[in-house]
Amino acid sequence: AIAPHVFLLGGGPHPTAAPEHALRIGFDAVCIGEAEISFPTLVGKLQVGGNWRDTPGIGFLSAEGNFQQTPFPPLADLNDYSPFPIRLNRFGHIEITRGCPFACAFCQVSRMHGFKPRHRSIEAVCKAVAAMRRAGRIDYRFITPNAFGYGSPDGRTLCVDAVRDFLREVRTAAGSGGRIYFGSFPSEARPEHVQDETVALVKQYANNKNILMGAQSGSNRLLAACHRGHTIEEVYRATSCIVKAGLLANVDFIFGLPGETDEDREATIGAIHHLTKLGARIHTHTFMPVPQTPFASAPPGQIHPQILELLHQTLLPSGQAYGNWKEQEIMGREEF
């Protein structure tokens with residue numbers, strides 16, 4: 001048991017999407033959404049014994065046990081906050097963009113951070129890179145819903161000059177011994193933004209040998225139902241572009257998406273065969289419902305025998321697939 005004087009504060013994707021659930025399992029309060037403003041405000045009130053319940057952007061249970069939520073604070077300007085606590089000598093991946101205009105039906109990003117992207121400035125990113133370099137860190141990775149969307153005012157328009165300026169300046173900040181990973185884990189790229197120019201920038205400035213790209217399904221009908229905003233044909237074109245440049249194309253697929261029909265599954269199997277012939281590797285996932293999304297009430301995905309056969313007899317033995325599809329399917333069954 002936790003001592004009664006300990007104040008339990010939750011935050012992140014689950015408390016944001018299901019704040020009342022987080023409170024009823026034991027948290028005293030939760031930060032809902034972004035917490036750059038709400039978290040230090042609440043901590044400051046606790047330190048002086050103030051009324052923390054009027055902190056903007058939090059949820060809590062009243063004395064009667066009713067859920068209450070305060071109004072949200074203004075959205076954070078990423079340039080006002082370091083991506084990690086430099087003064088504590090703690091480092092991680094550098095968030096360069098927050099928010100996504102596409103609002104895919106299975107994804108929480110747009111609901112949590114908004115539909116209009118906000119970008120951390122090149123100057124602020126380079127400052128973080130320089131701090132990591134001084135601490136002896138040489139690997140620099142970036143968090144963004146879409147790497148090649150950097151600098152785009154709407155997240156849909158490709159701004160090649162902004163991506164070029166970003167990579168050039170980060171390359172300088174990283175120095176000759178620094179390794180830059182852009183468009184690969186822990187981020188990815190949208191297929192329509194994978195162009196000869198953007199891939200050439202990765203080759204020129206970055207160190208990754210692969211580009212991770214979201215397809216999610218081989219069915220154009222299901223892609224439209226998920227609000228993906230691209231077709232499978234665009235994935236084929238982007239894959240060819242990546243392979244032509246001498247890089248490995250890692251392509252995301254989600255098995256067991258809600259509403260998937262036999263025809264959709266056949267289209268996905270056909271797409272996977274086509275992509276692997278082009279030279280792609282399949283990054284496998286099993287659908288898991290996420291709160292606050294259009295697919296939140298859908299049951300977890302199950303791997304169809306046809307997909308299992310494809311995985312076990314072809315993709316896995318040949319090294320053409322990787323990912324956590326099996327663990328995700330088990331987790332989904334246990335939680336549902």
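The mean positions of the 32 positive and 32 negative charges of the chain lie 8 Å apart. The model is a predicted one.

**Overall form**

The chain's secondary structure amounts to 12 helices and 13 strands. Its radius of gyration is 22 Å, close to the 20 Å given by the globule rule for 336 residues, so the chain is as compact as a globular protein of that length. Of the contacts with a separation of 6 or more, 68% join residues 24 or more positions apart. Whole-chain values are set out below.

| Property of the chain | Value |
|---|---|
| Span of the C-alpha trace along its principal axes | about 65 × 50 × 35 Å |
| Buried share of the 336 residues | 47% of residues |
| Accessible surface | about 16,000 Å² |
| Share of accessible surface belonging to carbon and sulfur atoms | 55% of the area |

**Glutamate 329**

Glutamate 329 sits in helix 12, which covers residues 325-335. Its relative accessibility is 12%, and because buried means under 20%, glutamate 329 counts as buried. A polar atom of the glutamate 329 side chain lies 2.9 Å from the backbone nitrogen of isoleucine 303.

Terms used. Residues are numbered from 1 along each chain as its sequence is written. This is a predicted model: local features need pLDDT of at least 70, side-chain atom pairs count only at pLDDT 80 or more; totals for chains, interfaces and linings use all residues. Side-chain values use heavy atoms; hydrogens and water are left out. Helices (H or I, at least four residues) and strands (E, at least two) are DSSP runs, numbered from the N terminus. The radius of gyration is taken over C-alpha atoms; the globule rule is 2.2 Å times the number of residues to the power 0.38. Buried means under 20% relative accessible area, exposed over 50%, partly exposed in between (1.4 Å probe, protein chains only). Contact means heavy atoms within 4.5 Å. Accessible areas come from the Shrake-Rupley method with a 1.4 Å probe; for residues, only the protein chains shown count as cover. Lys and Arg count as positive and Asp and Glu as negative; His and the chain ends are not counted. The place of a charge is taken as NZ of Lys, CZ of Arg, CG of Asp or CD of Glu. A polar contact is a pair of N or O atoms within 3.5 Å; within protein, one must be able to donate a hydrogen and the other to accept it, and residues adjacent in sequence count only if both atoms are side-chain atoms.
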